[in-house]
Structures are given as C-alpha cells and as structure tokens.
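User: I'm new to reading protein models and would like a close look at one part of this one. Could you take me through it step by step?
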Amino acid sequence: MLLEFQVENYLSFKENNTLSMIASPSKSKKEISDAIITKKNYKILSSVALYGANASGKSNYLRAIHFMKKLIFDSARESQVGEDIEVKSFKLSSDTENEPSSFEMTFIVHNVMYKNEPNDVAFRYGFQVSKERIHTEWLFGRFTTQESLLFTRVLDDFKFGPKFNEGKRVFKAIGGIRKTTLLLSLIAAIKGENAPITHSIMTWFKKLQDLTDIADGNIFSITASLMDKKEMKDRIIKAFCLADICVESIDIEKKRVDPSDLPKFIIEDLEKRDTDLKNIHTLSVKSQHQKYNNKREKIGFETFDFAKEESDGSKKFFALIGPILDALQNGLVLIIDEIDARLHPTLCNVLISLFNSKKSNKNNAQIIFATHNTQIMNRKTLRRDQIYFVEKDKFGESDLYSLLDYKKVRNDASYDKDYLLGKYGAVPYLGNFENFIAGDELW
C-alpha cells in the first residue's frame with residue numbers, strides 16, 4: 001500500500017511536494033471511516049483527489065509517479081545503454097535547471113520474507129537523477145519498529161546494510177554499475193526471485209497501475225486484456241448495465257501483425273521497449289446492441305465498432321472499468337488523470353466510492369486521481385485529508401497542499417461551494433471575456 005510520495009525539481013514542481021496517504025487523526029465523527037485501511041500500525045487512506053485550475057500542475061504530479069515507476073523498470077535494460085535519462089527538471093529558475101530531480105516513495109509490501117517468516121514491511125525508496133546520471137539512490141526498510149538502512153548510493157559510492165546482502169553480493173559480483181542504471185533495477189534484472197527483498201519491491205511497483213495510456217490514446221488495451229478471462233468479461237458487461245450504458249455483449253478481436261508491415265520507426269520503438277515482435281497484435285473491440293422491428297419486438301442483435309460507433313463516454317467507461325475492477329480484486333494502486341473527463345458526475349462519484357467502501361474494497365486497493373468534479377468534494381464522499389489542491393504561482397511553480405492544511409475549516413462546511421468561491425485557492429482567476437470579445441479589453 002502506498003503511504004507517501006515526494007517529488008522535487010520535476011516539471012512544474014520546484015520545491016519538495018509531498019502527497020500523504022496516511023490518514024490524519026479524525027476530530028469529527030462526521031469524517032467517513034470506511035475510507036481508512038489499518039495496516040502495520042498505520043491508518044491509510046484508500047483514495048485521494050487532486051483539484052486545481054487548468055495548467056496548475058495536477059497532471060505533472062501524476063507524471064512524476066509515472067516517471068519514477070518507468071525508470072525503475074527501464075534503467076537496467078540493455079536497450080537503454082548510451083541513452084540519456086528522460087527526466088525534466090523545473091526550467092523556470094536558474095537555481096534548478098541544471099540540478100537533479102528527486103523522487104521518493106514510501107509503501108508497505110506484504111509477506112516479505114524476513115528471518116524465514118513473512119512480514120509486512122514499510123519501505124522507503126528514492127533517487128536523485130539528471131539526464132546524465134543517477135546522483136543518489138537509497139532504500140530503507142522498517143522490518144521492526146526501527147527503520148533499517150538497506151543501501152545508499154552517492155554517485156559511485158555504495159554502502160550496504162546487514163539486511164541487504166542480496167544487493168551487496170550483486171554489486172561485488174559485477175564490480176560496478178552504469179551511471180544511468182538504478183541499483184534496485186539491476187538487482188532485479190540479475191537475481192529475479194532469488195533476491196527476495198528486491199523482488200517483493202518490484203512486485204509492488206508492478207501493482208502501481210498508471211493509466212497514462214488512456215490520455216495517450218491507447219484506451220482499450222488494459223480492459224481488453226482483462227476480458228480474456230470469462231469471469232472478468234461478464235463483470236465488465238454487467239458494470240455497463242449498472243452504469244446505464246446498454247450493451248448486450250462486448251467482444252475482443254485480436255489480429256496478429258507482421259512486423260515487416262510496420263514502419264521502421266515503430267519497430268525501433270518496440271525494440272527499445274524489449275517488445276516481442278513475434279507477438280504483436282491489433283485489438284478490435286465490438287459491442288452488440290439489441291435490434292427491434294417496427295413493432296418494437298426483438299429481432300436480433302446489431303454489432304458496433306466500439307471505437308468508431310460508441311459514445312466518448314462509453315469508451316472512457318470501458319477504459320476505466322477494467323482497471324478499477326482489477327484493482328479492487330487484487331489490491332492495486334491506481335493513478336488516474338482526469339477521471340471525470342467524458343463521464344457523468346454521478347457515475348464518477350460511484351466509481352470513486354467503490355474504493356471508500358469496506359464492502360467493495362475488501363483487498364485494500366487505493367486510487368489517486370485528478371479531477372474537476374466538485375460533486376464528490378463533500379464529507380460524505382471524501383475526508384478532508386483526502387482532498388488535495390495544486391496551485392501554480394506567478395513564477396510558474398506548482399504547490400501541492402491538503403484541505404487539512406486549512407485549520408479553520410468547519411466540520412459542517414460545504415467544501416465544494418467554498419472551493420469554488422476561492423477560499424482554498426487552486427481556482428482560476430479569470431479576466432473579463434465579454435469585454436475581450438467585444439474589443440474593449442485587448443489584454
């Protein structure tokens with residue numbers, strides 16, 4: 001489970017900004033309790049919402065999580081040899097443009113083998129990187145009540161703690177490491193399951209599901225892959241009915257692609273990702289709708305090309321519902337940008353509430369999402385510590401803060417109305433568009 005994420009000097013975040021999934025002590029009985037999961041003496045939030053004006057930095061914060069995970073899984077690949085690290089520091093200040101960017105994540109991994117017994121361990125892992133190299137890297141673990149050093153790295157200097165012999169052995173065996181490769185990634189690539197601590201951490205990061213691909217256009221792939229299992233397919237179709245989106249069936253058609261038919265630049269990109277070129281397929285999603293005669297009698301079914309003939313809302317729901325059901329079933333952490341885009345506010349509210357319910361979220365799934373939907377900004381749906389804001393100042397710096405930072409917010413306050421009135425910041429301050437259009441105001 002995710003406890004905390006910190007980022008500094010990345011995209012629009014110049015200073016260190018921290019998002020905490022650790023619940024604050026509730027001072028009100030009106031604060032919803034189902035949104036809290038208790039693990040290893042922690043009280044952990046099942047969901048967090050990010051609010052803010054357009055271009056405030058909400059997406060940038062989620063991209064920071066995406067970047068951290070991507071570097072962890074890519075940095076040890078042979079295809080990355082000689083490649084710069086694709087990190088983007090804060091560019092609007094001479095103080096930071098040439099400084100490394102910093103990322104740190106704290107999380108709980110279940111059933112880590114320690115002293116031949118499975119334990120729930122809280123790990124704290126992070127690194128500082130520039131385009132040229134890894135500057136620092138660190139890993140700590142809380143196997144008992146005290147945090148233990150597993151390893152630290154400062155440029156080419158490594159130090160190992162007594163609980164991390166698996167890393168020490170790998171480092172001694174290879175005698176060195178590329179300056180653009182994370183040690184954690186290298187241990188995982190070389191030892192796999194034979195490095196139990198590293199393997200458990202990498203397995204946890206695989207459960208951190210980032211839905212950036214939805215925004216990038218690859219909207220069907222996750223849900224489509226999950227529909228290979230009949231049980232999941234039936235649940236997805238049932239979810240469409242519950243969402244008042246009428247489809248009788250949804251089918252996935254896979255067609256193998258001959259690599260020789262692909263342009264050279266696509267082949268090169270796939271090879272960089274270590275993709276098996278012999279197993280490339282295109283996906284085609286088909287939906288079936290009930291068809292009627294002129295007497296409104298059922299006469300069969302009509303097949304639709306989902307991508308071309310279904311509504312944008314139906315396509316967005318299809319893209320989301322698979323990962324959401326998968327997360328709830330397997331206790332994953334979901335990262336979703338613009339979750340409300342093209343979805344009715346009531347439907348969006350229901351999807352978020354699934355994570356805040358003990359009945360539907362039995363496996364401790366979590367979700368972090370960016371939204372403009374203020375309908376869910378109320379104490380029946382979200383606690384104050386679940387509501388975060390992102391605001392950008394005149395210097396282009398984004399700042400992340402919680403509603404909890406406002407000490408004088410009353411327990412019966414209307415969060416949504418107060419937010420739109422600007423009491424918490426993170427709203428756009430608009431000029432007079434009417435005068436602008438009329439020509440009375442040029443700027």
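How do helix 3 and helix 4 stand to each other?

Analyst: Happy to! This is a predicted model, in which local features need pLDDT of at least 70 and side-chain atom pairs count only at pLDDT 80 or more, while totals for chains, interfaces and linings use all residues. Residues are numbered from 1 along each chain as its sequence is written, and side-chain values use heavy atoms, with hydrogens and water left out.

Here is how the elements get their names: helices (H or I, at least four residues) and strands (E, at least two) are DSSP runs, numbered from the N terminus. Two packed helices are described by the angle between their axes and the distance between the axes.

Now to your pair. Helix 3 covers residues 183-191 and helix 4 covers residues 196-206; they pack at about 105 degrees, and their axes lie 9 Å apart. The axes are lines fitted to C-alpha atoms, for helices over the stretch in contact, and angles run from 0 to 180 degrees between N-to-C directions. Helix 3 and helix 4 are therefore roughly perpendicular to each other. Under the naming used here, under 35 degrees is roughly parallel, over 145 roughly antiparallel, 65 to 115 roughly perpendicular, and the rest oblique.

Which residues touch? From helix 3 come L184, I187 and A188, and they meet T198, I201 and M202 of helix 4; contact means heavy atoms within 4.5 Å. By class, this contact has five nonpolar residues, one polar and no charged ones. For these classes, Ala, Val, Leu, Ile, Met, Phe, Trp, Tyr, Cys and Pro count as nonpolar, Asp, Glu, Lys and Arg as charged, and the others, Gly among them, as polar.

Buried is under 20% relative accessible area, exposed is over 50%, and partly exposed is in between (1.4 Å probe, protein chains only). Just after helix 3, G192 takes a positive phi of about 55 degrees.

Helix 4 also packs against helix 1 (residues 58-74), at an angle of about 135 degrees and with the axes 11 Å apart. That makes helix 1 oblique to helix 4. Their crossing is left-handed, a term used if the near helix is turned anticlockwise from the far one by less than a right angle, with right-handed for clockwise. Here M68, K69, I72 and F73 of helix 1 meet M202, F205 and K206 of helix 4. By class, this contact has five nonpolar, no polar and two charged residues.

For another example of helix packing, look at helix 7 (residues 230-242) and helix 10 (residues 312-330), at about 130 degrees with axes 10 Å apart. That makes helix 7 oblique to helix 10. Helix 7 passes helix 10 in a right-handed crossing. The residues in contact include I236 and F240 of helix 7 and F317 and I321 of helix 10.

Finally, a side step to helix 2 (residues 165-174), where K168 has its place. K168 is partly exposed, with a relative accessible area of 35%. K168 and L150 are 18 residues apart in sequence and 9.5 Å apart in space, C-alpha to C-alpha.
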